[in-house]
There are 2 protein chains.
Amino acid sequence: MKETRYFYVPDAGLSSELPADEATHAIRVLRLKEGDEIFLMDGCGHYFTAEVSVASSKHCMYRIKETVEKNKDWSGYIHLAIAPTKMSDRMEWMLEKATEVGFDEVTFLNCRFSERRTLRTDRLDRIIVSAMKQSRKPWKPVINPMMDFSEFVKRNDDGQKYIAHCYNEIARKDFFEEISRPQTSDRITVMIGPEGDFSIDEVRQAMENGYEPVSLGRSRLRTETAGLSAVMMSQIILSRR
Amino acid sequence: MKETRYFYVPDAGLSSELPADEATHAIRVLRLKEGDEIFLMDGCGHYFTAEVSVASSKHCMYRIKETVEKNKDWSGYIHLAIAPTKMSDRMEWMLEKATEVGFDEVTFLNCRFSERRTLRTDRLDRIIVSAMKQSRKPWKPVINPMMDFSEFVKRNDDGQKYIAHCYNEIARKDFFEEISRPQTSDRITVMIGPEGDFSIDEVRQAMENGYEPVSLGRSRLRTETAGLSAVMMSQIILSRR
């Protein structure tokens, strides 16, 4: 199974040694030996075919045989800003699936009604790397640490900016229809609230900062399902442009 | 929290007593008493507002105050036929999410390369009911037991029929583009293979039986992610028609 021979090496083109955890996996689990073929990805769009040159108990050195540069499967940029769910396994699977489907950046929001205000991004990082390998995507999405909602909306991000919410008293456009229309920018930022939704005040604050209020459809979705839906919809549009 | 007061009662309009497991939840967990308001859904598109009339240690009787009939949020019919994954938790979350998003029927396929050939549909049924309550959908998707691939493809289902596969040697159309085009039927059946994909022979057999070979996009998706993607794409199209 060649699939298990994919390794994530951030500076693969410059280095000649696997990082410690990848080396352990290569040597202790896969029992790779000198001369074995391995595949590296640097998270920035490059694949490398390499050969193990030294396999000692703690180190795994390699020699690159071929470098392939791959263009991203989608145009533009998908940035998901989401309030983490109370149960962190729900965020974990959402990130696994979003990575498989393809997206660029995630920011965790600290909102008025957030059920969780701290998050271990190192664990999420490992889940993303594993999903990158599994789906053979050489681009690594950026994970940002938790940020206060009001700080996030004040950033001067350009492109299309949306906030999904469930209040009937604030008119919402359909997210999928909005991103389907010809737009001046292919950069999509979409905010998804916590289990108890954004506060009305937060929705207004976002609107004042250029965010369009939207709905993701007629269904009532959990936070993590809404996050994945937004990524899938963006991917459908941006990968077919 | 009214949300926890939703109960699934298949024959709610004819009966006046909660089924045993729902009664236990109502009385032991929520500690409902005579006169408390509850909400019932029958899985066939009806909501009921009711009042607890008797709350004994084992039984919970109700009196219906109002019946609301709801049209489905999407036109047509979404039937997912999927080979269950080796790890059953992956099928469980997929069904939870597909129910939230909205679909009509799931059939589990026994394929040449299936990693799992038995499945406990009773557990999946409970997950679907819980997702129905959470997303307040009064329609219950049909769960069919495992069926052999060759038996399934020979059924004379009408409507649009698709088989998703990853073989480069068999030309595939883009699933989303296909379902976006005007079609004579709003009934979509889509087949998703196991971890090791369908066999080439299975893909050919499906094509002989009227299935169009398709791809779900440029990403390499896990079985459960592919299943959910197909449901989400169908839902995007059918709920906006």
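Predicted model: local features only at pLDDT ≥ 70, side-chain atom pairs only at ≥ 80, totals over all residues.
## Two chains and the contacts between them

Between chain B and chain A, 24 residue pairs are in polar contact, counting pairs with both residues at pLDDT 80 or more. Helix H2 (88-101), helix H5 (175-180) and helix H7 (223-238) of chain B each supply at least two residues of the side that touches chain A. Of the elements on that side, H7(B) gives the most, with seven residues. Sorted by class, the side of chain B that touches chain A has 15 charged, nine nonpolar and seven polar residues.

In terms of contact, 31 residues of chain B meet 30 residues of chain A. The two chains bury about 2800 Å² between them, and 47% of this area lies on carbon and sulfur atoms. Three arginines, Arg218(B), Arg220(B) and Arg240(B), supply 25% of the area that chain B buries against chain A, more than any other three residues.

Charged pairs are the next topic. Side chains of opposite charge can pair when their charged atoms come close. The structure holds 42 salt bridges over all chains, and ten salt bridges are found across the interface of chain B and chain A. One salt bridge joins the side chains of Glu100(A) and Arg222(B), with N and O 3.8 Å apart. Another links Arg90(A) to Glu96(B), where the closest N and O atoms are 2.9 Å apart. This pair crosses between chains, running from helix H2 (residues 88-101) of chain A to helix H2 of chain B. Both Arg90(A) and Glu96(B) are buried.

Arg90(A) and Glu96(B) also belong to a network in which salt bridges that share partners join them with Arg222(A), Glu224(A), Lys97(B) and Glu100(B).

Other salt bridges lie within one chain. In chain A, the side chains of Glu96(A) and Lys97(A) meet at 2.7 Å, N to O. Glu96(A) counts as buried because its relative accessible area is 16%, under the limit of 20%. Lys97(A) is buried as well, at 0% relative accessibility. In chain B, Asp122(B) forms a salt bridge with Arg120(B), the closest N and O atoms being 3.1 Å apart. Are these two residues buried or exposed? Asp122(B) is partly exposed, with a relative accessible area of 39%, whereas Arg120(B), at 53%, is exposed.

Two polar residues can be followed in turn. Gln160(B) is in strand E8 (residues 160-164) of chain B. Its relative accessibility is 6%, so Gln160(B) counts as buried. The side chain of Gln160(B) makes a polar contact with the side chain of Tyr162(B), at 2.6 Å. Not counting residues up to four places away in sequence, Gln160(B) touches Ile179(B), Gln183(B) and Ser185(B), and also Asp186(B), Arg187(B), Ile188(B) and Thr189(B).

Ser239(A) is in the segment after helix H7 (223-238) of chain A. With a relative accessible area of 12%, Ser239(A) is buried. What does Ser239(A) touch, not counting residues up to four places away in sequence? The residues are Asp73(A), Trp74(A) and Arg218(B). A polar atom of the Ser239(A) side chain lies 2.6 Å from the backbone oxygen of Gln235(A). Glu212(A) is 27 residues from Ser239(A) along the chain, and the C-alpha atoms of the two are separated by 22 Å.

The last topic is the backbone. Most residues other than glycine have a negative phi. Arg136(A) is not a glycine, yet it has a positive phi of about 50°. Arg136(A) is in the loop between helix H3 (121-134) and strand E7 (142-148) of chain A, and it is partly exposed, with a relative accessible area of 27%. Asp197(B) also has a positive phi, near 75°. Asp197(B) is in the loop between strand E10 (187-192) and helix H6 (200-208) of chain B. Asp197(B) is buried, at a relative accessible area of 11%.

Notes. Residues numbered from 1 in each chain as written. Chains lettered and ligands numbered in written order. Heavy atoms only, no water. Contact = heavy atoms within 4.5 Å. Buried area = accessible area lost by both parts, 1.4 Å probe. Salt bridge = Lys/Arg side-chain N within 4 Å of Asp/Glu carboxyl O. Polar contact = N/O pair within 3.5 Å; in protein donor to acceptor, adjacent residues only side chain to side chain. Helix = DSSP H or I, 4+ residues; strand = E, 2+ residues; numbered from the N terminus. Nonpolar A, V, L, I, M, F, W, Y, C, P; charged D, E, K, R; others polar. Buried < 20%, exposed > 50% of the residue type's maximum accessible area, 1.4 Å probe, protein only.
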